[in-house]
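I opened a new structure today and kept short notes. Here is what I looked up, entry by entry.

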Amino acid sequence: MTGNEIRQRFLDYFATKGHTIVPSSPLVPAQDPTLLFTNAGMVQFKAVFLGEERRGYVRATTCQKCVRAGGKHNDLENVGRTARHHTFFEMLGNFSFGDYFKAEAVAFAWEFLTKEMGLPRERLWATVFTDDDEAFGLWQKVAGLKPERILRLGEADNFWAMGETGPCGPCSEIHYHQGNHLPCAEEKAGRGCLGPACECDRWLEVWNLVFMQFNRDAAGAMTPLPKPSIDTGMGLERVAAIMQGKSSNFETDLLWPILEAAAKLARKTYRTSEADDISLRVIADHARAATFLIADGVYPSNEWRGYVLRRIMRRAMRHGRLLGLHEPFLWQAAEWVVDVMAPAYPELRNEKARVHELVRTEEERFAETLDTGMAKIQEYLEANRGAKTRVADGKFLFTLYDTYGFPLDLAQEVLQETGWSVPQASLDAYEAEMERQRERARAGSAFGEAEDAESVKLYAELSVKIPRPEFLGYESLAAPARILVMVRAGRRLREAVAGDEVEVILDRTPCYAESGGQVGDTGHVVGREARGRILDAYYRGSGLIVHRVRVEQGGFREGEDVAVSVESPRRQGLRLHHTGTHLLHAALRKILGTHVTQAGSLVAPDHLRFDITHPSQIRDRELEQVEELVNEKVRDNLRVDPIQTDLEQALKMGALALFGEKYGQRVRVVKIGDFSTELCGGTHLDQTGQIGLFKIVSEGAVAAGVRRLEAVTGDAALHHVGREESALREAAAIVKIPPLQLPQRLQKLLEEQRLLEKQLESLEGRVAKTRAQELVAAARQIGGVAVVAARVDGLGQDGLRAVVDSVRERLGSGVICLGSVKDGKVSLVTAVTKDLTARFNAGKLIQEVAQAVGGGGGGRPDLAQAGGKDPSKLDAALGLVPDWVARQAK
């Protein structure tokens with residue numbers, strides 16, 4: 001039975017039992033920003049289990065895409081080393097939301113495994129929680145299991161909790177006996193196999209049935225839930241291995257075609273080398289994880305989800321190197337994944353080109369880092385070959401990361417594979433170096449310190465004590481209000497006087513607090529005897545709108561009635577640019593593709609900034625099309641409709657929701673005609689025609705796979721166009737031609753410049769040859785080795801290297817070090833002829849000479865270059881060369 005057939009049979013079976021088949025949710029949990037990836041089938045139903053959401057069914061069944069590669073559930077380091085660990089896997093599950101409970105769950109599971117799958121009953125055992133007599137009895141009654149085939153295990157194995165508090169309950173696992181012919185560590189140690197409780201491969205956990213029947217409070221007390229529920233999970237890959245008679249998940253039809261293709265590409269045969277087998281399993285698994293994560297909108301980066309994806313990809317790339325794959329290959333593996341998995345997940349076909357491009361780009365970027373890092377590790381191992389203890393130096397690990405970009409986790413894995421340990425002391429030393437680096441960065445940073453602990457504590461308390469302020473800013477820019485609280489430096493104030501700058505919480509306000517990328521409002525607050533300027537508005541604590549107010553005259557008191565007003569022209573600028581942002585987002589998705597998702601935004605009064613996920617630079621013509629489409633919708637004067645609705649209805653309307661954002665049950669949707677529909681709490685225009693003009697002013701990269709666009713609207717757009725036209729006229733006047741002829745004239749001037757540069761390069765080459773002859777003639781003999789150490793001012797690195805190449809060619813055999821000062825900077829180049837590199841290393845020579853001029857550099861044994869900061873010491877530095885050669889020649 002194929003993996004696809006098992007998946008479908010499972011869903012069909014539970015559909016006949018009254019379950020609604022629910023599609024897999026994305027790997028990025030949209031409603032839970034605390035969770036790295038979707039790691040279980042119940043994740044998309046979490047709000048239902050908590051009673052926060054109701055759906056049109058009480059029974060559900062799914063085949064859920066899952067990733068476990070970080071946080072609490074992290075299988076990354078085990079992948080490849082075992083037969084059943086994965087980063088990406090599929091979890092089959094059936095769920096009951098207050099409908100059926102233990103008896104039905106046990107009966108469904110037993111019937112499916114023994115009748116639908118035809119598994120032999122004598123190979124199936126069960127485990128239950130120690131105190132769960134009901135489940136123990138049900139396995140005897142429903143499945144006919146004898147008591148000795150039902151194990152009672154403790155909380156660590158058979159009790160499940162959603163978190164420290166909340167729904168929880170005992171669970172029961174079904175285990176499959178794979179046979180006593182498999183090795184068991186317990187038996188080898190002279191003890192008996194522990195059965196389903198054993199860690200050996202004789203026993204395979206197949207299905208976990210969770211009985212959610214309690215609610216645990218902060219004190220640890222558990223009370224029965226009014227409607228107990230069921231959450232089950234069964235790994236598709238494990239069931240496939242059993243049904244297909246395979247001892248390893250990697251040999252099932254879900255993974256074998258990928259592994260086999262990787263082996264063919266690397267010209268390896270599986271099961272002939274354990275080291276090669278590990279690498280092939282890593283590639284097969286990680287290719288699946290990377291493909292599905294990218295298809296679900298995750299891009300490799302140095303932060304959170306993107307960082308885990310990057311780790312997965314880089315680990316696969318390194319194992320490719322171990323197999324001898326030195327050219328990019330992972331992008332091909334992604335194609336194999338699509339071929340295998342697209343029948344069940346057809347969306348992969350739509351994302352194939354994007355996944356291909358992104359993986360290849362990441363692979364090419366990391367190739368040099370990987371090769372350099374591996375070479376540096378090899379140098380470190382060679383240099384410390386005679387070390388008494390094989391313990392990695394934390395400072396070396398930091399240098400690998402800081403100088404060469406080689407990640408710590410990958411360095412750990414490489415070193416450990418060569419027999420070196422990376423204990424906590426090494427990691428502490430690494431972290432100490434990292435902290436010193438952070439301190440240096442903080443010292444040069446213009447940003448202020450984060451809010452202090454006292455403020456955090458105070459606002460957490462206020463969030464419970466005072467009502468959440470009412471926001472009036474959608475309908476009004478001015479309103480009467482009452483001062484509830486005033487805070488300064490984490491302490492509550494009763495009164496604030498002229499000159500004070502305080503944080504003020506009102507019972508109601510028209511001021512928009514910074515959120516969703518839109519900056520906070522500014523304005524004024526006026527009392528009977530006081531006046532203050534609102535400098536900013538933002539959220540603190542749990543939903544408290546805080547106004548940062550500078551008291552300009554008189555004094556404010558807690559409990560005082562005041563009048564609050566928003567700075568109207570500034571708010572209008574925010575409305576213009578926020579509506580413009582929505583139009584831009586929709587246009588980008590239409591022109592570039594639906595893979596485009598928001599990765600960050602800033603809505604300011606005078607401009608907007610919008611970050612998107614996109615694997616490559618946006619071409620000029622594409623930018624023109626985006627801009628044209630936005631301005632077309634501006635001219636259409638589309639109506640902008642804010643709609644209050646529930647989340648499920650909003651998503652049915654096609655509203656775009658941002659990954660990682662936490663939405664309540666009631667949401668605000670901003671709909672712009674039939675062109676754009678997004679979940680958004682920001683302030684917007686009434687009609688798109690009010691924008692007037694939309695202009696993109698820049699586009700560039702901010703991270704791998706993330707592009708940033710900046711744009712202006714309204715008067716700001718007109719002013720930008722005016723400045724561009726003025727600059728164009730000014731440039732045209734300089735060369736005395738009409739503005740529209742400027743591009744052609746510039747092209748002609750550039751061609752003339754390139755011709756002159758070639759002539760200059762030819763002249764410098766002739767000069768270099770002449771200078772080389774002089775330098776060779778002046779070569780000194782040190783220990784039977786010809787040495788050229790001289791100063792050739794006025795040349796940069798390229799010119800200096802040309803002279804060195806010419807000297808090396810004429811010298812035939814020897815050591816060369818040339819230095820130059822140009823524009824106050826020192827350039828150094830060293831070279832050693834091929835016949836002498838075993839005795840003299842150009843890279844080591846350059847380090848010693850560069851250090852003398854306050855610089856640094858490096859290179860190969862035959863050629864190296866460096867820079868320096870102190871021209872006054874160049875002559876002395878060059879004077880070190882003969883002594884260095886003499887020392888090395890001994």
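**Entry 1: The cores**

I began with the largest nonpolar core, and it has 114 residues. Leu113, Trp139, Trp207, Met234 and Leu330 have the most contacts inside this core. Which helix gives the core its largest share? I found helix H9, residues 274–295, with 10 residues.

I then picked out leucine 330. I left aside its neighbours within four places in sequence. Leucine 330 is in contact with Ala287, Met313, Ala316, Met317, Val359 and Glu363.

**Entry 2: Confidence**

The model is predicted, so I looked up its pLDDT, the predictor's confidence in each residue, from 0 to 100. The protein has a mean pLDDT of 90. I also noted that 95% of its residues reach 70 or more.

One stretch stands out in my notes. Over residues 442–451, pLDDT stays under 50. For these residues the model has three contacts beyond four places in sequence. Where pLDDT is low, the predicted coordinates should not be read in detail.

**Entry 3: A sheet**

Next I followed a sheet. In what order do its four strands run? I read S23-S24-S29-S28, in an open sheet with antiparallel pairing. Strand S23 (598–603) and strand S28 (694–703) are the edge strands, and each pairs on one side only. On average, neighbouring strands of this sheet are turned by 15° against each other, direction ignored.

I went on to strand S24 (residues 608–613) and strand S29 (residues 706–713). These two strands run antiparallel and are joined by six bridges. I looked up one partner: arginine 609 has glutamate 710 in S29 as its bridge partner.

Then I checked which helices pack on the sheet. Helix H18 (residues 620–635) packs there and touches S28 and S29. The direction of H18 makes about 135° with that of S28. Helix H20 (residues 714–734) also packs on the sheet, touching S28 and S29. The direction of H20 makes about 95° with that of S29.

**Entry 4: Histidine 585**

My last stop was histidine 585, in helix H17 (residues 568–592). Is histidine 585 buried or exposed? Its relative accessible area is 2%, and buried means under 20%, so I wrote down "buried".

What is histidine 585 in contact with, leaving aside its neighbours within four places in sequence? I listed Val596, Thr597, Gln598, Phe610, Leu656 and Glu678.

Technical notes. Residues are numbered from 1 along each chain as its sequence is written. This is a predicted model: local features need pLDDT of at least 70, side-chain atom pairs count only at pLDDT 80 or more; totals for chains, interfaces and linings use all residues. Side-chain values use heavy atoms; hydrogens and water are left out. Contact means heavy atoms within 4.5 Å. Two strands pair if DSSP finds at least two bridges between them. Axes are lines fitted to C-alpha atoms, for helices over the stretch in contact, and angles run from 0 to 180 degrees between N-to-C directions. Buried means under 20% relative accessible area, exposed over 50%, partly exposed in between (1.4 Å probe, protein chains only). A nonpolar core is a set of buried Ala, Val, Leu, Ile, Met, Phe, Trp, Tyr and Cys residues joined through side-chain atoms within 4.5 Å.
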